[in-house]
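Please keep the sequence and the model open side by side while reading this note.

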Amino acid sequence: MPQQGSQLWAPVAAFLTGCMFAAGLALRSRPKPHHIDDVGTMAMFSAAGHKMVDTVPTHFGKDTDEACLRRRFERMLRHGQDSICAAIEKCDGKAKFRADAWVREGGGGGVSRVLADGAVWEKAGVNLSVIYGSMPWETVAAARERQAKYAKNATPGERVPFFACGLSCVMHPRNPHCPTMHFNYRYFETEAGDWWFAGGTDITPAYLDEDDMKHFHGVYKEVCDRHDAEFYPKFKKWADEYFMIKHRGETRGLGGIFYDDLNDRDPLTIMAFSEDCLNHVVAAYVPIIEKHKNDPFTEDQKRWQLIRRGRYVEFNLVYDRGTIFGLKTGLGRMESIMMTLPEFARWEYNFKPEPGSEEERVMEAFQTPRDWV
């Protein structure tokens, strides 16, 4: 199958998936309409072309064949969203996810599930997006700034048909001893023949518990090894490199796995790998939260957590290619894009951890990525 262009489409797919995730968070905060045909529901559509719906469609794509890859991938992501949200609610013990369904005027839609003000999590979102349509030439031209060969056969003014389906998640706990977790699994294709899978799960602790990191990475090494012995070392290294905050000389967190442009074998084989990764998010993450959610912490430890969340913000705004693509092209609603960031963060001038402290210990791990398994 064609591979040319997949690497070049990657920032487009990352932005679209992230933008749909953020738009879902924005839509979640709006009052749910009592009647979908009520003239008081913002004329049905927001400025971004999203409409809230009371009933979740059986599928958001336009395919009628339930056995096709696009329908199967969406169905897999829906199942993952259900099971992950159920596990997080059980662990939190207080808050529940609010589910909002929406459709996109240009094609597709999604289900946004957001938990707020929980006993364990300050903010958590697990959001499905399925979008299709055509890329405007302005988007193609902006992407060509990164790669001259991007869509090389497209002519000025031409729109490029595409399909993207993804499940995105970010979870920010209250307790500084509980790490933030992020994952994203997606599939993207164009009518020009480009297609690929991408995804990964990564963890961002404020404090280092080596047993926790061995557990998290161990789960994903086992998943990777079931499919290809080369996957874990390759994707672990990719995560360490991708999540590097270059101007700080440190990583955003302590990695996990990250892969993109994966189209070197049968698509159903890669889909099975993506499904296995998604199905092990809970096993990799929730035991760590259960272990630490009731740990006592001090004001200084909370302060350190917020400083590390400042680093999280820096990475997302300076290096995350999906966010950068959205900001450079002006696509999407800026407030929605920014909603993917933590609610609280902190910056202090020239802050340095005390020598020999737990903060310095974890900083050493951020500055020098290591093998955990």
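The notes that follow concern a predicted model.

1. Start with helix α2, residues 69-92. It has 24 residues and reaches 34 Å from its first C-alpha to its last. That is close to the 34 Å expected at 1.5 Å a residue. Just after α2 comes Gly-93, with a positive phi of about 75°.

2. Next, the partner of α2. Helix α7 (residues 281-292) packs with α2 at an angle of about 10°, and their axes are 11 Å apart. An angle under 35 degrees counts as roughly parallel, so α2 and α7 are described that way.

3. Look at the contact itself. From α2 come Ile-84, Ala-87, Ile-88 and Cys-91. They meet Val-281, Val-282, Val-286, Ile-289 and Glu-290 in α7. Of the residues in this contact of α2 with α7, eight are nonpolar, none is polar and one is charged.

4. Turn to helix α11, residues 358-367. Its buried residues are Glu-359, Val-362, Met-363, Ala-365 and Phe-366. Seen down the axis of α11, they fall within an arc of 155°, so they line one face of the helix. What do the buried residues of α11 pack against? Their partners are β9 (250-251) and α8 (299-318).

5. Finally, Val-373, in the segment after α11. Its relative accessibility is 44%, so Val-373 counts as partly exposed. Leaving aside residues up to four places away in sequence, Val-373 touches Lys-214, His-217, Gly-218, Lys-221 and Tyr-232. Val-373 and Lys-214 are 159 residues apart in sequence, yet their C-alpha atoms are 5.9 Å apart in space.

Notes
Residues numbered from 1 in each chain as written. Predicted model: local features only at pLDDT ≥ 70, side-chain atom pairs only at ≥ 80, totals over all residues. Heavy atoms only, no water. Helix = DSSP H or I, 4+ residues; strand = E, 2+ residues; numbered from the N terminus. Expected span 1.5 Å × (residues − 1). Buried < 20%, exposed > 50% of the residue type's maximum accessible area, 1.4 Å probe, protein only. Arc of directions from axis to C-beta. Contact = heavy atoms within 4.5 Å. Axes fitted to C-alpha atoms, helices over the stretch in contact; angles between N-to-C directions. Parallel < 35°, antiparallel > 145°, perpendicular 65-115°, else oblique. Nonpolar A, V, L, I, M, F, W, Y, C, P; charged D, E, K, R; others polar.
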